[in-house]
Amino acid sequence: MATTAEHLKCKECGRTYPLEALFVCDFCFGPLEVSYDYEKIRRRATKDRITLGPPSLWRYADFLPVNSKPEVDLQAGYTPLLKADRLAAELGLKKVWVKNDTANPTHSFKDRVVAVALQRARELGFDVVACASTGNLANSVAAHAAASGTEAFVFVPANLEIQKIIATAIYGVNVVKVRGNYDDVNRLCTEIASEKKWAFVNVNVRPYYAEGSKTLAYETAEQLGWRAPDTVVTPVASGSLLTKIHKGFWELGETGLIRRKAPVVHGAQALGCGPVATAFAEKAEHVKPVKPDTIAKSLAIGNPADGIFALEVVRETGGSIESVTEQEIVDGIKLLAETTGIFTETAGGVTTAVLAKLAASGKIYRDDEVVLYITGDGLKTLDAVADTISTYEIDPNYSQFEEEVLGDVLKGAAK
Ligand SMILES: *Cc1c(COP(=O)(O)O)cnc(C)c1O
Ligand SMILES: [Zn+2]
């Protein structure tokens with residue numbers, strides 16, 4: 001069935017373009033975004049049809065810029081939405097849910113954007129795929145390329161966490177470590193994209209890629225019983241995810257699947273790479289690029305392409321963009337793990353820490369229904385917390401167990 005997408009549209013000047021591998025406006029250099037025939041979606045996408053669809057993001061294919069579902073695919077999405085009562089209580093809130101996107105095939109939300117980008121790339125006739133990545137995107141492109149037997153080149157900063165490099169190279173794709181930061185990698189990839197007929201998922205097919213993030217909003221609404229929460233907290237790297245979660249809820253209202261409501265959107269950044277948070281605090285009209293220096297490497301984009309649009313969304317919905325210290329990131333990872341059983345990577349530490357900050361400052365109300373987007377898995381960033389954990393080590397000897405373990409545990413309990 002042909003896609004409900006109509007054309008690409010410039011986010012700055014509104015000029016339209018055909019649904020090809022284009023990403024910037026020829027006239028004003030603004031970014032292009034997919035726009036849809038919402039009447040068509042409204043007619044096709046009934047709750048019954050969605051509910052009977054596959055248990056993956058493809059249950060929302062009617063809202064995506066593709067003509068068909070992929071034949072071979074990792075079935076990303078439809079991840080759990082967990083009520084997090086212990087976390088809520090810890091923060092003085094009543095109703096908090098965690099959208100656990102660590103449960104994706106390569107353990108981050110990037111599987112959503114990659115699934116959509118690669119399907120569109122296939123439809124446009126590309127046979128090589130590529131990306132500029134802060135780590136998770138590399139994992140996901142590699143896995144999806146392996147599953148479908150497509151040739152892939154992934155470009156990452158050379159100082160990336162070893163877990164992410166191994167979890168990418170294992171798929172047998174070409175991994176290129178670039179001596180520089182993400183912004184250097186991205187610049188190189190933009191140059192390569194103008195030379196080679198390759199689909200760079202987050203460069204020349206970025207408009208399609210970005211749409212994959214909307215599925216986080218659709219699933220959240222469906223899992224809440226077809227409604228939007230009051231407030232969402234989401235990490236910000238390029239800013240794309242934040243803007244697309246907002247677009248997703250808006251579209252559900254527009255097509256009549258939920259009552260119209262725009263949740264308050266809060267964005268989360270690390271202080272060591274918080275250009276959008278700084279622009280928000282300074283009420284600035286532009287986002288000033290920074291040089292990233294943070295353990296939250298998956299969010300370390302110093303010159304965020306969609307930063308300005310993320311600002312627009314939080315200003316429009318009454319939200320904010322906050323940043324947190326390296327220590328707060330680690331504390332956030334531990335808080336989430338100890339209260340929900342979910343081990344997140346540094347990006348999720350950032351998001352959890354920002355939720356804690358917003359709750360403490362009263363910017364999130366006690367009665368608000370809050371959804372926290374946890375976008376990546378802690379096993380990929382073990383070094384960030386390796387020296388904060390404690391364990392016991394004993395001989396296989398009962399009295400040693402009593403003295404050194406139980407004695408110590410009881411002492412802790414007495415404190
Ligand atoms: C890429 C990424 C993000 C942010 O994505 P943007 O759309 O670039 O803002 C958030 N969390 C994780 C774990 C990521 O890998
Ligand atoms: Zn334009």
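**Two ligand sites in a predicted model**

The space taken by ligand 1 is the largest cavity, a cavity being a set of points, on a 1 Å grid over the protein atoms alone, where a 1.4 Å probe fits but cannot get out. This is a predicted model, in which local features need pLDDT of at least 70 and side-chain atom pairs count only at pLDDT 80 or more, while totals for chains, interfaces and linings use all residues. Residues are numbered from 1 along each chain, chains are lettered from A and ligands numbered from 1 in the order written, and side-chain values use heavy atoms, without hydrogens or water.

Around ligand 1 there are 16 residues, of which Lys110, Asn136, Ser238, Leu241 and Thr375 come nearest (near: a heavy atom within 4 Å). Oxygen atoms of the ligand lie 2.7 Å from a side-chain N or O atom of Lys110, 2.7 Å from one of Ser238, and 2.9 Å from a backbone N or O atom of Ala237. The protein covers 97% of the 390 Å² of accessible area that ligand 1 has on its own (Shrake-Rupley method, 1.4 Å probe).

The zinc ion (ligand 2) is coordinated by the SG atoms of Cys10, Cys13, Cys25 and Cys28 at 2.2 to 2.4 Å, where donors are N, O and S atoms within 2.8 Å of the metal. Angles of 96 to 119° among the four donor atoms make this site tetrahedral (all angles between 85 and 135 degrees).

Technical notes: A polar contact is a pair of N or O atoms within 3.5 Å; within protein, one must be able to donate a hydrogen and the other to accept it, and residues adjacent in sequence count only if both atoms are side-chain atoms. On a 1 Å grid over the protein atoms alone, a cavity is a set of points where a 1.4 Å probe fits but cannot get out, and a pocket is an open set with protein on both sides within 12 Å along at least five of seven lines; lining residues have an atom within 4 Å of a point. A molecule sits in a cavity or pocket if more than half of its atoms lie within 2 Å of its grid points. Donors are N, O and S atoms within 2.8 Å of the metal (3.2 Å for Na, K and Ca); water is not among the atoms, so sites may look incomplete. Four donors count as tetrahedral if all angles lie between 85 and 135 degrees; four count as square planar and six as octahedral if opposite donors are over 155 degrees apart and all others between 65 and 115; anything else is irregular.
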